[in-house]
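Please keep the sequence and the structure in view while reading.

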Amino acid sequence: MTRANVERVIELAQLAGIALEADEAGEVADRFYALIRALEPLSGLDLAGIEPVAVFADEGEHDG
Amino acid sequence: MMADDLTLLSAIGIVSAVRARKLSPIDVVEAYLARIERLDPKVRAYITVTRDAALAEAREQELALAAGKPPGPLCGVPVAVKDQFQTSGVLTTNGSRAYRDFVPAEDATVVARLRQAGAILLGKLAMSELALGGTRSPAWGVTRNPWDLDRTPGESSTGSGAALAARLCAASVGEDTGGSGRVPAAYCNAVGLRPTYTRVSRHGLMPACWFLDQPAPMANTVADCALVLGVIAGHDPKDPGTSHRPVPDYLAALPKGIRGLRVGLIRELHEHPDVHPDVKRAVEAATETLRSLGAIVREVSIPLISIAGALYIAIGDTEGAGACDELLRSQAGELDPATRTRLQAASLVPFKVYNRAMKARVLLRRQFLDVLAGADVLVSCTSPYSAPLHADLTAPFVDGDDLRTRFFFRRAFTGSYALAALPAISVPCGFGANALPIGLQIGGRPFGEETLLRVAHAYERATSWHEMRAPLADAA
């Protein structure tokens, strides 16, 4: 993890009102950037017209 | 029957014997309490043992039976629940030092329904902190897998898996946000079911991710799991989101067999290069068994599963960080370093990324439902490998690749069903060369629990994996 990435994560955390332990900032940065990298395939998905859903409707609920 | 033999009975066996007055609830509870006293110092499945309350309840049941009062469907069954469920007057820690003094005033609906059905609560079970996983220094000690004490019983319903394997309870209810009930079941040679989201009330369940969390019945047999699900499922006015669908008689569906049933083997999970060869072999043998029972097995593809592990963390952890916002700001020092850094990292995920992950989740569900239009159930391994060593599970991550293999990738197996809001069950399907249990995951359509249980039961009856007992469980 580069120093610049760790510093960016510390800055972001401050904006979010979260105090990072000095010796844990590197681990938080590792986790954050690994997640962002793992999500890169999202940019190749056609998500146009899709509404995000938290709880899916139960289409058969009234069928008994 | 010797006291220790009583703990070999299934939950259904206990109910049947208690109803017939061949067995006293007091004897059963005493047998379990004696076993907990003897073995739990090694296993550490329990955070709290409610010894006196359990004995008092057993005595009360004995009197009620003698008076001819009709017994409930779980009459006399000693159960224990994950410490994520609130219990009236009993410490509820959510696996965290931050809740070490929290004693709720009311039972979670799941706990209340277990009690109403006649179950006897033995205590509260260990769990990974805040139902997340990876806890490095658990506040109440390291919970050990009875199949190998150096290994994890699986996360985050650690105590549920361990207690079932060591026969320290007859049935349990864990919780499954992204696999927390199914993975411990797989690692401990038990059965664990994630019901369809809204099938079981979340009232009184301490949240990890409110729209993914589901209470998860866990047991040593499929029939016991079906029995517990039937008791805890159904609409709850205290959780208005719960489904109004009637609760089927899950037990009645079990003997129907699976001839002609269409089974899809998920290619992306089965062919992944990181799946251990022993696990792959066990799943292939299981599909052969299903074929021999009359099922039609073919390979299916759900392409988005390849990023489901990362989607799960982006969504589940980000919501979890939101739910724990106050804790992160004011009591971060109380949290285990793994919990703290995981939630802090999730707190930084940009909204637009979260939003796109939520949209991709909808696509993932569509892919599942498209495949399920031509298949009755889907199968894969529950976990790509058997129970890891504690030391490997809790070691800090070395770099991004380490995170990918140890953190994101494995969550695709169980997290994909949670994201798609579909039910899935894990059943024992063999052992690796390391003599550790392997789980077969069977998933299905929304509210298709009956079918999952039917397939799992047919498979269980055709095999003997569930009869194998952990070495610790055999030690008197």
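**Salt bridges in the predicted model**

Over all chains, the count comes to 24 salt bridges, where a salt bridge is a side-chain nitrogen of Lys or Arg within 4 Å of a carboxyl oxygen of Asp or Glu. Because the model is predicted, local features need pLDDT of at least 70 and side-chain atom pairs count only at pLDDT 80 or more, whereas totals for chains, interfaces and linings use all residues. Residues are numbered from 1 along each chain as its sequence is written, chains are lettered from A in the order in which they are written, and side-chain values use heavy atoms, with hydrogens and water left out.

One of these pairs joins B:D83 to B:K124, with the closest N and O atoms 2.8 Å apart. B:D83 lies in the loop between β2 (78-82) and α5 (109-116) of chain B, and B:K124 in strand β3 (residues 120-125), so the pair ties together parts that are 41 residues apart in sequence. Helices (H or I, at least four residues) and strands (E, at least two) are DSSP runs, numbered from the N terminus. B:D83 is buried at 0% relative accessibility, and B:K124 is likewise buried at 0%; buried means under 20% relative accessible area, exposed over 50%, and partly exposed in between (1.4 Å probe, protein chains only).

Another pair lies within a helix. B:D278 and B:R281 form a salt bridge at 2.6 Å between the closest N and O atoms; they are three residues apart in helix α11 (residues 277-292) of chain B, and therefore separated by about one helical turn. B:D278 is buried at 15%, whereas B:R281 is exposed at 51%.
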